[in-house]
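Please look through the sequence and the model shown below before reading on.

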Amino acid sequence: MKSVRFERHESVGHIVLANPPLNLIATEFSDRLREAIHEASDSPIRALLVRAEGPNFSQGGDILDFIDKEFNAWRTFISEMHHSYRAIEALQIPTICAVRGKAWGGAFELTLACDFIVAAEDARSEERREGKECRSRWS
């Protein structure tokens, strides 16, 4: 089963984070996200919805996937994720992110790559960088 997939529902494309309940970001997630974005860009859709299965949008990075990565492999992974976010921003159609539960770390960055964010009452985000922390609640 893919951790991220593309679906088409008439003229609306869906990129679905499909590894609940945490939808963790790892190497396989990055590869599947890139594939889903390419499928969306090649599809005759008029809008793109980014959503997740399960109670959380994503709890961010999978530490167990990262722990054994060499420094350069880690940097390449981060670069590939950022490239995927920029590819969403470059789409010439409206992009909407539907968020419920947690959207932490790189998942929060994914929400920001979309043109619009629609957040459930329980939606929460968190981003930590070099000892700095940012938390928010959408409402």
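## Basis of the description

Two strands pair if DSSP finds at least two bridges between them. Helices (H or I, at least four residues) and strands (E, at least two) are DSSP runs, numbered from the N terminus.

This is a predicted model, in which local features need pLDDT of at least 70 and side-chain atom pairs count only at pLDDT 80 or more, while totals for chains, interfaces and linings use all residues. Residues are numbered from 1 along each chain as its sequence is written, and side-chain values use heavy atoms, with hydrogens and water left out.

## The hairpin of β1 and β2

Strand β1 (residues 4-9) runs antiparallel to β2, and 6 bridges join them; within this pairing, His9 stands opposite Val12 in β2. The two strands form a hairpin with 2 residues between them, and Glu10 in the turn has a positive phi of about 55°.

Strand β2 (residues 12-17) is mostly covered, since 5 of its 6 residues are buried, where buried means under 20% relative accessible area, exposed over 50% and partly exposed in between (1.4 Å probe, protein chains only).

On the parallel side of the pairing, β2 is joined to β3 by 6 bridges, and Leu17 has Ala52 in β3 as its bridge partner. Strand β3 (residues 47-52) in turn pairs with β4 in the parallel sense over 3 bridges, with Thr95 in β4 as the bridge partner of Leu48.

Strand β4 (residues 95-99) has a covered face, made up of Thr95, Cys97 and Val99, and an uncovered one with Ile96 and Ala98. Strand β4 also runs parallel to strand β6 (residues 116-119), to which 4 bridges join it, and Val99 has Ala119 in β6 as its bridge partner.

## The contact of α1 with α3

The axes of helix α1 (residues 27-42) and helix α3 (residues 71-90) come within 10 Å and cross at roughly 25°; such axes are lines fitted to C-alpha atoms, for helices over the stretch in contact, and angles run from 0 to 180 degrees between N-to-C directions. The helices α1 and α3 are therefore roughly parallel to each other, as angles under 35 degrees count as roughly parallel, over 145 as roughly antiparallel, 65 to 115 as roughly perpendicular and the rest as oblique.

Contact means heavy atoms within 4.5 Å. Among the residues of α1 that meet α3 are Phe29, Leu33 and Ile37, and those of α3 include Phe77, Met81 and Ile88.
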